[in-house]
Amino acid sequence: MAHQWRGVVREYADRLDVSDSTPIISLGEGGTPLIPAPALSARTGARVWVKFEGMNPTGSFKDRGMTMAVTKAVEAGAKAIICASTGNTSASAAAYAAHAGITAAVLVPEGKISMGKMSQAVAHGASILQLRGNFDDCLDIARELAENYPVHLVNSVNNDRIEGQKTAAFEVVEVLGDAPDFHFVPVGNAGNYTAYHRGYTEELARGAAGRKPRMFGFQAEGSAPIVRGEVVRDPETIASAIRIGNPASWELALAARDDSDGYFGSISDADILVAHRILSSEVGIFVEPASAISVAGLLERSAAGAIPKDATVVLTVTGHGLKDPQWALRAADGGEVSPTVVDVDLADVAGQLGLAANAPA
Ligand SMILES: *Cc1c(COP(=O)(O)O)cnc(C)c1O
């Protein structure tokens, strides 16, 4: 059989807490492309690469952590897992539980999950409850359930999640031959920010990289507890994946920022949507709104003079655009983009496209 990528737990087994007898639950996650972005390089003067995590099996980076968390849960004999979710964790947990033949229960904030993500959790057969509260309320209940009932928590407060997610940094170092100067990530619970820093720290320690990147994390303005230094009670943003007011990995993320000479900033929803359009129309990468904040963060920091010319910059874009496609269809006036309808008529179609016929040969 020809070689294919075997998923992050098998590919990095020597750097994760697994043994030969561990029952690995994988859907082939990881091995995602690191894509050069000349349009962003031209805008900033830096060498910009995009780590496209929407290419994972369920369409977000959550799969890297979920393969590890579900693997360890099954190894420990768990028959059921539980998570709180803004959408992608539930999609991922549901898929890996289905693959493992165990039950997934997911708690989501009522009416706040994009249709794409909800449809995944439903399709994979999870038990889904919508709570009349926000994500932070869902996580509180999930933690208490895991303490008092026979269900295994797979949110990023579970260290196995962070361990699986750190493999993305390994992949970046493999492609670039070293760590970048800067790494930009969207920040919700700050688990991924923490995971990249851990991965890079390990790469430096084993000599695969000669440096660690400065970790730059971005929250949406209406949902920026780390930037503001206080819990946000009613977080609001169109970027639902980072609509989190009390990040689970807050302390770890602050330590990672201090260790890497990093930065946390916030971005308005309007600027997130501008960056979303730039990434799709100039680079060709379609992401969900939360992911575009990495791009918005780079443009903002570059304009502030914080990114030296020729610096190597990696932007993680965390989730696929098909998860939450409505934002791409929003016209400037707030209405919906609706392509022009024409008759089946060659001249008419050519005219509408602004094409003039070729000159006779
Ligand atoms: C989960 C998620 C985030 C936030 O990651 P954290 O580890 O919670 O900071 C960002 N973008 C997308 C698409 C996500 O699914």
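**Helix packing and burial**

Student: Which residues of helix 8 and helix 9 meet?

Tutor: Ala-168, Ala-169, Phe-170, Val-172 and Val-173 of helix 8 meet Tyr-196, Gly-199, Tyr-200, Glu-202 and Glu-203 of helix 9; contact means heavy atoms within 4.5 Å. By class, this contact has seven nonpolar, one polar and two charged residues, where Ala, Val, Leu, Ile, Met, Phe, Trp, Tyr, Cys and Pro count as nonpolar, Asp, Glu, Lys and Arg as charged, and the others, Gly among them, as polar. The model is predicted: local features need pLDDT of at least 70 and side-chain atom pairs count only at pLDDT 80 or more, whereas totals for chains, interfaces and linings use all residues. Residues are numbered from 1 along each chain as its sequence is written, and side-chain values use heavy atoms, with hydrogens and water left out.

Student: What makes helix 8 and helix 9 oblique to each other?

Tutor: Two packed helices are described by the angle between their axes and the distance between the axes. Here the angle is about 50° and the axes are 7 Å apart; axes are lines fitted to C-alpha atoms, for helices over the stretch in contact, and angles run from 0 to 180 degrees between N-to-C directions. Angles under 35 degrees count as roughly parallel, over 145 as roughly antiparallel, 65 to 115 as roughly perpendicular and the rest as oblique. Helix 8 and helix 9 are therefore oblique. Their crossing is right-handed, meaning that the near helix is turned clockwise from the far one by less than a right angle, anticlockwise being left-handed.

Student: Why is helix 8 called largely enclosed?

Tutor: Seven of its ten residues (167-176) are buried, so helix 8 is largely enclosed by the rest of the structure. Buried means under 20% relative accessible area, exposed over 50%, and partly exposed in between (1.4 Å probe, protein chains only). The buried residues are Thr-167, Ala-168, Ala-169, Phe-170, Glu-171, Val-172 and Val-173. Just after helix 8, Gly-177 has a positive phi of about 80°.

Student: How do you know that the length of helix 9 agrees with expectation?

Tutor: The expected span is 1.5 Å times one less than the number of residues. For the 15 residues of helix 9 (191-205) this gives 21 Å, and the end C-alpha atoms are 21 Å apart, so the two agree. Helices (H or I, at least four residues) and strands (E, at least two) are DSSP runs, numbered from the N terminus. Gly-207, which follows helix 9, has a positive phi near 85°.

Student: Why are helix 9 and helix 11 called oblique?

Tutor: They pack at an angle of about 45°, with axes 9 Å apart. Helix 9 and helix 11 (residues 250-260) are therefore oblique to each other. The contact joins Tyr-193, Thr-194, His-197 and Thr-201 of helix 9 to Leu-252, Ala-253, Ala-256, Arg-257, Asp-259 and Ser-260 of helix 11. These residues divide into four nonpolar, four polar and two charged.

Student: What makes helix 4 roughly parallel to helix 5?

Tutor: Helix 4 (88-100) and helix 5 (115-123) pack at about 20°, with axes 8 Å apart. That angle makes helix 4 roughly parallel to helix 5. Asn-88, Ser-90, Ala-91 and Ala-94 of helix 4 contact Lys-117, Gln-120 and Ala-121 of helix 5.

Student: Why does Gly-54 count as buried?

Tutor: Gly-54 has 5% relative accessibility and therefore counts as buried. Gly-54 lies in the loop between strand 2 (47-52) and helix 3 (62-75). Leaving aside neighbours within four places in sequence, Gly-54 is in contact with Gly-59, Val-317, Thr-318, Gly-319 and His-320.
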